[in-house]
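Here are my notes on the model, as numbered points. Please read them with the structure open.

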Amino acid sequence: MTDQILQALLQSSWQILLLSMLIWPLSRLSVRAYPNFAYALWIVALVKALLPIEISMPVQEMQNVVMSPVITGEFIVEAPVMTSPGLFTLSHLLLWGWILGVILFSIKLFYSERSHHRRLQAAQSLVPESWFLAMKSEFGIQKGVQIFIGPDVSGPLTNGILNPRIYLPQEYNTWNLDAKKSVLAHELVHVKRRDILIIYLQAVVRILYFFHPAIWIVNEQINLEREKICDDEAIDLAAAGRGAYGHQLYQHLESQIENHSMPVLAGSFFMSDRSILKRFRYIKEKRGDMKNKLKLHHILLILVVSSLAILIACSTEGGNAPNSPTELQKVASDAQNDEKVAYDKPPQPVGGYAAIQQNVVYPKLARKAGIGGRSIIQVIIDKQGVASDAVILKSSGHTMLDTAAMRAAEMTEWEPALKQDAPVAV
């Protein structure tokens, strides 16, 4: 179980890294135009991280030479080399380190959100004005959206999944009408898009992959592109010019420069200072449709990236590693020249199955790391009882174990199979 969890994390991690390296240059194509495009690309990486699964693809296996029941190696279950490793192997230490990290980051998130929640409790309900209800109706938002204002609110933010709530700082009462409309329009876009759901999923991924730098980049890019989308729609809905909107954003940032702590599980008007500077530049240099409607080539690229995400998650049937590592495969050319017939008596290892077990040399590195596994091997037993042409039918997932298994099978002396009392190769 330990090896399976670590292998799943390792496999998912390199897949996320590979996707991120692909998405990064593609997302740069829309840095001044279509944030919806970049946002969708980064969401693909997020979804892949949430589903660290391997899709099994059926493959055509080699035709078995044997036509009657396959010899089973039941001795493997009782072999000393497969005994349970100690509690302090490298695999166990890595797993416990990951579990401890997940617990610590979860506790940190819990206490941070509880602290913000306590500050938000002091906020007072604000009766929405008619222009706010008009904007809400124009967005097609049917559910009620409550507005709260409080002295401990650092900046505008949206919270709540089923009952969305918009929190505003006390300075809201001093803003002019354009500033109020711009900020509330921005928060309404978060509500309309149900961004809070993605924000929660981002928090889960950030905890599970706290060790992965690519995940932090993915989350930062998702946050940035989401805010760009909301900025565009807010400017369009509030009928504010891009310059005026950017100036308001700067004024709000300047007033909150010393109190810039925001909840993680909320759609916030403010983000990191670096991200806000990128938003300023985007607002100033915006090109393209304000509605951010994707072009055909954007949709095709998103589909291509999604297909590649599925492709790199695919494997051949039955394991986490390739069934037949290239360096281990042999072409059983000699076997193709042997007569492929059913036998009356199957081949037997001289000395019984314990003879195979004695030939198993457990790799020292694998033993120290607590690595185990099962390899399914096909070998040719010729008429003289010599085993050769070992081929991996199903890999253990570890090259060193597969090599040891093939070597043990080929080193064993066999009694050949018999067909009508004559030895045959099988």
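Which helix holds V204? Point 2 takes that up, after a word on the source.

1. Basis. This is a predicted model: local features need pLDDT of at least 70, side-chain atom pairs count only at pLDDT 80 or more, and totals for chains, interfaces and linings use all residues. Residues are numbered from 1 along each chain as its sequence is written, and side-chain values use heavy atoms, with hydrogens and water left out.

2. V204. The answer is helix α7, residues 195–208. Helices here are DSSP runs of H or I with at least four residues, strands are E runs of at least two, and both are numbered from the N terminus. V204 has a relative accessible area of 40%, so it is partly exposed. The cut-offs are under 20% for buried, over 50% for exposed and partly exposed in between (1.4 Å probe, protein chains only). V204 and S106 are 98 residues apart in sequence, yet their C-alpha atoms lie 8.8 Å apart in space.

3. Whole chain. The protein chain has 15 helices and 13 strands. Of its 426 residues, 46% are buried. Take contacts (heavy atoms within 4.5 Å) between residues at least 6 apart in sequence: 74% of them join residues at least 24 apart. The accessible surface is about 22700 Å², and carbon and sulfur atoms account for 60% of that. Areas come from the Shrake-Rupley method with a 1.4 Å probe; for residues, only the protein chains shown count as cover.

4. Helix α2. This helix covers residues 35–50. Is α2 mostly covered or mostly open? Mostly covered: 12 of its 16 residues are buried. Among them are F37, Y39, W42 and K48. The expected span is 1.5 Å times one less than the number of residues.

5. T412. This residue sits in the loop between α15 (399–411) and β11 (414–415). Its relative accessibility is 3%, so T412 counts as buried. Leaving aside residues up to four places away in sequence, T412 touches P349, A355, I356, N359 and A387. With N359 there is also a side-chain polar contact of 3.0 Å. Such a contact is a pair of N or O atoms within 3.5 Å; within protein, one must be able to donate a hydrogen and the other to accept it, and residues adjacent in sequence count only if both atoms are side-chain atoms.

6. I103. Look for I103 in helix α4, residues 90–120. I103 counts as partly exposed because its relative accessibility is 43%.
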